[in-house]
Amino acid sequence: MTAAGAAVVASRRPGRRRMHRRESAAAFLFLSPWLIGFCVFTAWPLLYSAILSFTDYDVIQDPSFIGGENYAQLVSDPKVLTSLGNTLAYTALMVPLHVIAALGLALLLSRAGRAAGVFRTAFFLPKMTPPVAVGVLFLLLFNGQKGVVNGVLSWFGIPGPAWTTDPAWVKPGLVLMSLWSVAASVVILLAALQAVPREVLDAAAVDGAGFWRRTFGVVVPMISPALFFVIVVSTIAGLQTFDEAYAAFFGAGNTTYGNDAALFYVIYLFQQAFQFLHMGYASAMAWLLFVLIMAVTIVQVVLSRRLVHYEGRESW
Amino acid sequence: MRARAGRKAGAAGVLALALMASGCAVGTGGASGEHVDYSHDRALHGELSIMGFSGVDEIATTRMDDAKKGLKGVTVKAAEGDFDLQQFLSAVAAGKPPSLIYVSRNQIGSLAARGAILPLDQCIDGEQIPKGDFIPSALAQVSLDGHVYGIPEFDSVQIVMANRTLLDKSGTKLSDVNGSDWDAMSKAATALSAHSGSGLSVIGVDSKLPEFLPLWAKANGADLISADGRKAQLDGPKVVEALTWAASIYKDQGGFGAVKAFRDSADFFGAGNQFATGTLGAMPMEQWYVNVLNDVSPDAPMAFDTVHARGGGPIAFASGSAWAIPAKSANPEAACRFARIMTSTQAWMDAAQARADARAKDGKPFTGVLTGNRAADEKIKPMTAGAAAPWSSAIAAMYTADQHTFSLPANPADAEFTAAMNDAVNAVLNGQKSPKDALAAAQKQAQQALDKGWAALERKK
Amino acid sequence: MVSTTALPRVGPATPSELAAASTVRRPRRPDPRRIIGRILTLTALAGLSLIFIYPFLWLISASFKPRGDVFDNRLIPRTFTLDNYVRVWQEAPVGLWLLNTLVVTVLAATTVTLSSAMVAWAFAYYRFPGRNVLFGLVLATMMLPGAVTMIPTFLIWNGVGAVGTLVPLWAQNLFGSAFYIFLLRQFLLGIPRDYFDAARVDGAGHMTVFWRVVLPLARPALAVTAVFEVQAAWTDLMRGLIYLRDSSTYTIPRGLKALIDAFGFGGEWHWEIIVTASVITTVPLLILFAVAQRQIVQGLTAGGLKG
């Protein structure tokens, strides 16, 4: 009798409840780190920041209750709208490019055989660079007059735009810079690609499917869980983008670079919290972001039920 | 298994509760310091932790040595790096703020309004700090609601720096680019600039927006904020006029984007700087840049003048740093004495002498230093006599400008006011808004922030 | 979409399958299309690698240039100098920063890998009431912007007196991280239950199963987790900004920011210093990664039949 069979038989016997309890208890044991962490570092801070969002608090003095004033201000603050718009536009541009780039690189790497390791190191290099340095690099390499990017474009006769100053090109420039750090997604997708059994590809080839059909009709659905993961994670990351843009456009002594086009939501939040000392308002802003991210992710999850193909295993 | 799990749950719960309880936030308290004895002859001990002072040159180290000598018995520890507000906040929240901080003067207002720093009246009396020695505009920047909250250090003023060769070539006079005649300056911008295939090859005039908007506004006769720091005045017609003109300087030369990109790629601090390479006609710039130019490109064809008000005499928009004492400072007496010595005439003279000696060794002229302390400035000025032209005219311009400074008075919402102002200017420069609309929006934002800040201050009283 | 019923099981191969596969001889047909495809692939990869590496090469070459040359965009410096490295080493306790960052990174990576594996294992294998809801909650925390909990978390650490130490930079990893829990859970779901059931039927206790069966099987995913966390911990700026005060406790990103403040925009635009510091702080991680790369590759190939 197989283990599964034994379990089925056992479930019909009175010992079933005991077995479930033992399962639950064991599960609880393994879950305990997360549960503790959740209570202390998530639930409590969430509650407290919700309370804070109804106060005026600057860390130096006690929080003072001001009711819904922060939220009222949130709705009427033009910069909130601007920064939200910037963030959404950036994310909408970045995520598809990110996924395509990651998939492309992963596909290439999966066919590179033994040489893949060297290339993978090359792609992971940028991830090791501190974001502060990346932001500064952006300013230097994308400079409208002397930057390398425009230099290369000029080889093809394309007059490069002023990436660092022209409001219309700041976000695309930042998106391009963000593609530099695509390695994490590449690794995930590569692992997923390599888990696709050869038989599947061979079967499709035998069926006469060409390269594109094989890739998009067969391989992509097979790795769709990983793709979904990459999409969700990069969306969440995009909505919270901060480090590079802050270092490039809002760092120390950087007033001449302040560009509304690069004012992302978290940057504005950070300014409110740590430059203007409105922690209460910043908490309200943070909650708005939270709700937004939840909404977006839920939409993605709902869509995933239709599009993501799990290997006969658990879905949600 | 169950029992163990149960106990685990209990332990986890207790731990969580304990952490939650300790995590209850309270403010760490506002200003105190009522029972401090600032007598100047009192012997001091203990430790003095300083945050925000990162000076490494002779001007800084000489005075530091003087201060440490004057504080015998106190261990002085200066943290590295410029003043970082987050770092300061986290130190305050942890109940262990530094004993003394060194901040930009335009940060004093909001720190004072929140009770993060102590009013220094007692300190000034006890240590007998000569308040009258300091430049009035500097004091105005560090005084809120009738109390002084900072001891000013350094004064940074603008002077006009121009490329003599480019001026001569296009027949432009120095007075055309010093701001006394705006039409002439616009014409000079076009005349001095040059374009090549890929964009600008010479910037004619740089009006240095957004930082210098207050300068141009004042040159046009407008103050951006009322003297008591309560009312923002960003949308007045004279301010709109000033912004329109200063922005048009860029437009006339191909747009701000082109100018900025070209400016960014310049080797600002090196031998290939814009004046040395003849790629900039004229601009107002803080006086410390004279030292840089003198260092890296002593042969650049320079001409200097003070910035002039429109149709008027010299003006300069002053800024600088200040020493302030955090509310829960562990050693306010030592902090006060340290600040006194650092800004004392004697220390400044020692520092200037050290700098002059170092420059003499390199065969370079000593170009003076603006200390924010009038008495010290007067003593140091004669030390600069050895400089040759054109640097002597720079020094002359610098000291003249120092006599005609103005500043934005302290207010509880410094950062937001500046941000609103910069946003307006950037919006205009990027072609997103008209000057009138941009400044109107900024006015609304700034006034709102000011109102909130003053209301919070009143609540505290 | 391809039907799943006809497909063999995905995941690590059983020994019998491995044996079977090795006995099948596939005739070697030198397919010209494949060779061309290979060449194209490698060329494309080489080109892309160059683009990815270039900014870094620019950084390295700039670090050997004197100040005025930093922006001349030449890859080979016109004037080669080591002064910058000397200067950086003198100006800042970079060695100490490297050490601090190493400590934090190692602690962060090991704790998060272990704890996330534990939690992921609970979700992947055990059946208990409310499992899906709880997992949804885990995922929801992934959506939580750091900004929301930043201030209260600081107050917690402040309450236990840990502000100013390196502890807040890694200790939260003792409790797992939603991202890695998600990642590991997905991976573990790809392994057939039979493996684990078999071990348990054999009488092994829960912890034993976890240590002896689950962890070894999950090695590729664990390696990936560790590498990602190493990268994240090494480059984390925000926590350093909030919790560290004394420059002797700084981590690399925090130290780099201090240098930029002192020498960059706020200072006198000593870009050659900034650039050099960036190189110094990135190289160790590169070496680490280059070494760990081999482990990952080994892990991935040991984990199963890649076809």
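1. Across the interface of chain A and chain C there are 0 salt bridges, a salt bridge being a side-chain nitrogen of Lys or Arg within 4 Å of a carboxyl oxygen of Asp or Glu. The count of residue pairs in polar contact between chain A and chain C is 2, with both residues at pLDDT 80 or more. A polar contact is a pair of N or O atoms within 3.5 Å; within protein, one must be able to donate a hydrogen and the other to accept it, and residues adjacent in sequence count only if both atoms are side-chain atoms.

2. This is a predicted model, in which local features need pLDDT of at least 70 and side-chain atom pairs count only at pLDDT 80 or more, while totals for chains, interfaces and linings use all residues. Residues are numbered from 1 along each chain as its sequence is written, chains are lettered from A and ligands numbered from 1 in the order in which they are written, and side-chain values use heavy atoms, with hydrogens and water left out.

3. In chain A, 95 residues are in contact with 98 residues of chain C, where contact means heavy atoms within 4.5 Å. Together the two chains bury about 9200 Å², and 79% of this is on carbon and sulfur atoms. Buried area is the accessible area (1.4 Å probe) that two parts lose on being put together, summed over both. On the chain A side, the residues losing the most area to chain C are Phe30(A), Trp34(A) and Phe41(A), together 10% of what that side buries.

4. Helix H2 (residues 16-52) of chain A supplies the largest share of the side that touches chain C, namely 22 residues. Helices are DSSP runs (H or I, at least four residues), numbered from the N terminus. By class, that side of chain A has 69 nonpolar, 16 polar and 10 charged residues. Here Ala, Val, Leu, Ile, Met, Phe, Trp, Tyr, Cys and Pro count as nonpolar, Asp, Glu, Lys and Arg as charged, and the others, Gly among them, as polar.

5. Chain B is divided into domain 1 (46-154 + 320-352) and domain 2 (158-317 + 412-460), with bounds from an automatic or database domain assignment. Their centres, taken over C-alpha atoms, are 30 Å apart. In domain 1 of chain B, 10 residues are in contact with 6 residues of domain 2, and the two domains bury about 630 Å² between them, 52% of it on carbon and sulfur atoms.

6. Between these domains of chain B the count is 1 salt bridge. Asp145(B) forms a salt bridge with Arg230(B), the closest N and O atoms being 3.8 Å apart.

Conventions: Helices (H or I, at least four residues) and strands (E, at least two) are DSSP runs, numbered from the N terminus.
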